[in-house]
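Work through the exercises below with the sequence and the model open. Each task is followed by a solution in steps.

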Amino acid sequence: MSNGNVLDEAFEGAGQQIGLEIWRIEEFKPVPLQKSNYGKFYSGDSYIVLKTTENKNGGAYIRDIHFWIGKDTSQDEAGTAAIKTVELDDSLGGCATQYRELQGFESDKFLSYFSPCIIPLEGGVASGFNKVEEEEFVPRLYTCKGNKFARLRRVPFELCSLDHGDVFILDTKNKIYQFNGENSSIHERGKAFEVIQHIKDEYHEGICDVSVIDDGEPVEGEDSFDFWDLFGGFAPINNKGEDDVIEDMKTGELYSINGGISKIDVEELSEALLEGTNCYLLDCGGEIYVWVGKDTELTDRKAASQTAEDFIIKQSRPKSTRVMRVVQGHETHSFKSNFVSWD
């Protein structure tokens, strides 16, 4: 793979040790994040996350690179994160699998790096990281979803945010409440309790009362009355939670994306269609892959990542659409499974 000899100084020495490394995009440049802030992601920012693991079969490290896009980040900043991710991978040999992670729709792989969860925060670098929220306590209401990995999402601190289908965490200055919707799963309730212990340590120095409010139970007892009073008093709530919109998978459609994007019309996909000097986009509906030939130039690989961003916008795809970039010779099984023949 051709290397353009471009290396941002923020990436010097990256990926040489097993573990996690994170950069935040500030003024369109990657800036290393302090380890004490790992797991805290601001909605107005974009981040690059490098995970380096040992290769159990020997040889070079295995690396996965994710770029995380906050729900309020600008399109230009998100594009910078995508391009800088390509540069980081290029400096490490160009063999990493790359993942696009949107706030609220992160992959299980990404969430597994941050136990028990990532903490979404409002604001971003352009607004001074919204330090008021960090230093002057502001009540926060979250939904907590996911059976394997907790997915924490901030929602408006309003009665209409509650429903019978989800588990909610209300973090106040003196007490943390867990509200269990009567139709929520026992697994999500258990995950929420783990998250509460994390929030307690992170924002309350490990000292804070915790109260569990069960939906459908009579409103009685001091904790129950206090909880509902925070919402202006007890009232009927929504019947069920809001489901994440995930587009159905479909038979992959292949596009050539060097010097523009054009669909390749064939009845069946085969490995032979992929040329090592070219980049391709494989559209599977709920997932999009960018395949990079081993003999492509760095400028082409950057352009390919931007093409995927543009493709999602032009196709009006849901935010849950996943984007993965794979390199020739290092394809994932899920990518190969879209081809009828793969040598």
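Helices, here runs of at least four residues, are DSSP runs numbered from the N terminus. The model is predicted.

**Exercise 1. Check the length of helix H4 and describe what surrounds its end.**

Step 1. Helix H4 covers residues 186–203.
Step 2. The expected span is 1.5 Å times one less than the number of residues.
Step 3. For the 18 residues of H4 this should come to 26 Å, and the end C-alpha atoms are 26 Å apart, so the two agree.
Step 4. After H4 comes Glu-205, with a positive phi near 55 degrees.

**Exercise 2. Which residues of H4 are buried?**

Step 1. A residue counts as buried under 20% relative accessible area.
Step 2. The buried residues in H4 are Glu-188, Lys-191, Ala-192, Val-195, Ile-196, Ile-199, Lys-200 and Tyr-203.

**Exercise 3. Locate the largest nonpolar core and say which elements build it.**

Step 1. The largest nonpolar core has 29 residues, and those touching the most other members are Phe-41, Phe-110, Phe-114, Leu-152, Ile-169, Val-195 and Ile-199.
Step 2. Elements giving two or more residues to this core include strand S3 (40–42), strand S4 (46–53), helix H2 (108–111) and strand S10 (167–171).
Step 3. H4 gives the most to this core, five residues.
Step 4. Residues come from both domain 1 (1–132) and domain 2 (136–231), so this core lies between them.
Step 5. Beyond its neighbours within four places in sequence, Phe-110 contacts Phe-41, Val-49, His-66, Trp-68, Glu-101 and Ile-118.
Step 6. Another core, of 17 residues, lies apart from the largest one; Trp-23, Ile-65, Ala-81 and Ala-82 are among its members.

**Exercise 4. Describe how strands S1 and S2 are joined.**

Step 1. S1 (residues 19–26) and S2 (residues 29–32) run antiparallel, with four bridges joining them.
Step 2. Trp-23 has Pro-32, in S2, as its bridge partner.
Step 3. Two residues lie between the strands of this hairpin, where Glu-27 has a positive phi near 50 degrees.

Notes. Residues numbered from 1 in each chain as written. Predicted model: local features only at pLDDT ≥ 70, side-chain atom pairs only at ≥ 80, totals over all residues. Heavy atoms only, no water. Pairing = 2+ DSSP bridges. Core = buried A, V, L, I, M, F, W, Y, C linked by side-chain atoms within 4.5 Å. Buried < 20%, exposed > 50% of the residue type's maximum accessible area, 1.4 Å probe, protein only. Domains from an automatic or database assignment. Contact = heavy atoms within 4.5 Å.
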